[in-house]
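Visitor: Could you walk me through this one? I'd like to start with its pocket.

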Amino acid sequence: MRQHGPVARVVVVTGGNRGLGREVARQCALRGDTVLLGSRDPAAGERAARTVQPHVPGRIRPVRLDVTDTTGLAALAADVTATEGRVDVLVNNAAIHYDTWQDAAHADLAVVREALETNVLGAWQTTLAFLPLLRRSPHPRVVMVSSEGGSLASMGGGAPAYHVSKAALNALTRTLAGDLRRDGILVNAVCPGWVATDMGGPGGRPLEDGAASIMYAVDLPDGGPTSTFTRDGRPVPW
Ligand SMILES: NC(=O)c1ccc[n+]([C@@H]2O[C@H](COP(=O)([O-])OP(=O)(O)OC[C@H]3O[C@@H](n4cnc5c(N)ncnc54)[C@H](OP(=O)(O)O)[C@@H]3O)[C@@H](O)[C@H]2O)c1
């Protein structure tokens, strides 16, 4: 089902080559969207696109996208300006270092720095790179794939790089949402729940369900909420 009439949306998904990113790309393309499936390894992106494309009506276009590569992001934005002309939805999904093996009192700060670089600054600079293209969209949305692990309300010990980086991503969500509200750009954070991916490990819920939790914020109607944090469309305490 398309949400905004007959024109297919242009959706950018970071970390689209596996896990939740690939499933979000699939669910968007099922709705008829043009999906720029971002992958830092182009071969992995092409493999993912080949797997998904035959089963969806939308177009999957694999693109090289490393959220830590400022120059590469600028080049991709220039390419997308020339080819697609706009971006309707940016899904900042890529993340690293669910560091359950350490605690804050014994943290390897090199791991923490890497997590902040990818999970926070990566999402931030990817958003900045695509902002001019989002401004060309009649229905712009930015979706931050966060985690309840970043909720200050429930935060205790453990996984310090991951938890601190997701708390910062939540702060970025609210700050950007405030700054972009008057431009009609909806910026929301979502938790997919515990999902059986490489990061989540076995035992989590199916990919389809985790991605559906993300699609809630992808599919928000015009005039929909901004600056929210939800799982399955229901509020998660910040
Ligand atoms: N799984 C869960 O239970 C769970 C729970 C809560 C939140 N989340 C969140 O959901 C999102 C997706 O998680 P997942 O479980 O699908 O993780 P995953 O299976 O580990 O996949 C992570 C994806 O991010 C990509 N990535 C990492 N660094 C990147 C970079 N610098 N530039 C571009 N892409 C990069 C990876 O690419 P490579 O293949 O090149 O490494 C991969 O495609 C993350 O934000 C995660 O924090 C997951």
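**The pocket and its ligand**

Guide: The lining of the largest pocket divides into 14 nonpolar, 14 polar and 7 charged residues. Ala, Val, Leu, Ile, Met, Phe, Trp, Tyr, Cys and Pro count as nonpolar, Asp, Glu, Lys and Arg as charged, and the others, Gly among them, as polar. A pocket is an open set of points on a 1 Å grid over the protein atoms alone, where a 1.4 Å probe fits, with protein on both sides within 12 Å along at least five of seven lines; lining residues have an atom within 4 Å of a point.

Visitor: Is this predicted or what? Which rules apply?

Guide: This is a predicted model, where local features need pLDDT of at least 70, side-chain atom pairs count only at pLDDT 80 or more, and totals for chains, interfaces and linings use all residues. Residues are numbered from 1 along each chain as its sequence is written, and side-chain values use heavy atoms, with hydrogens and water left out.

Visitor: How much space lies in the largest pocket?

Guide: About 880 Å³. Of the 35 residues lining the largest pocket, N93, A95, Y162, T197 and M199 are the closest to its centre.

Visitor: And where does the ligand sit?

Guide: In the largest pocket, meaning that more than half of its atoms lie within 2 Å of the pocket's grid points.

Visitor: What lies 2.7 Å from a ligand oxygen?

Guide: An N or O atom in the side chain of R18. A polar side-chain atom of R40 is 2.8 Å from an oxygen atom of the ligand, and a polar backbone atom of L20 is 2.8 Å from a ligand oxygen. Polar contacts here are pairs of N or O atoms within 3.5 Å.

Technical notes: Polar contact = N/O pair within 3.5 Å; in protein donor to acceptor, adjacent residues only side chain to side chain. Points joined across faces, edges and corners; volume = space filled by probe spheres on them.
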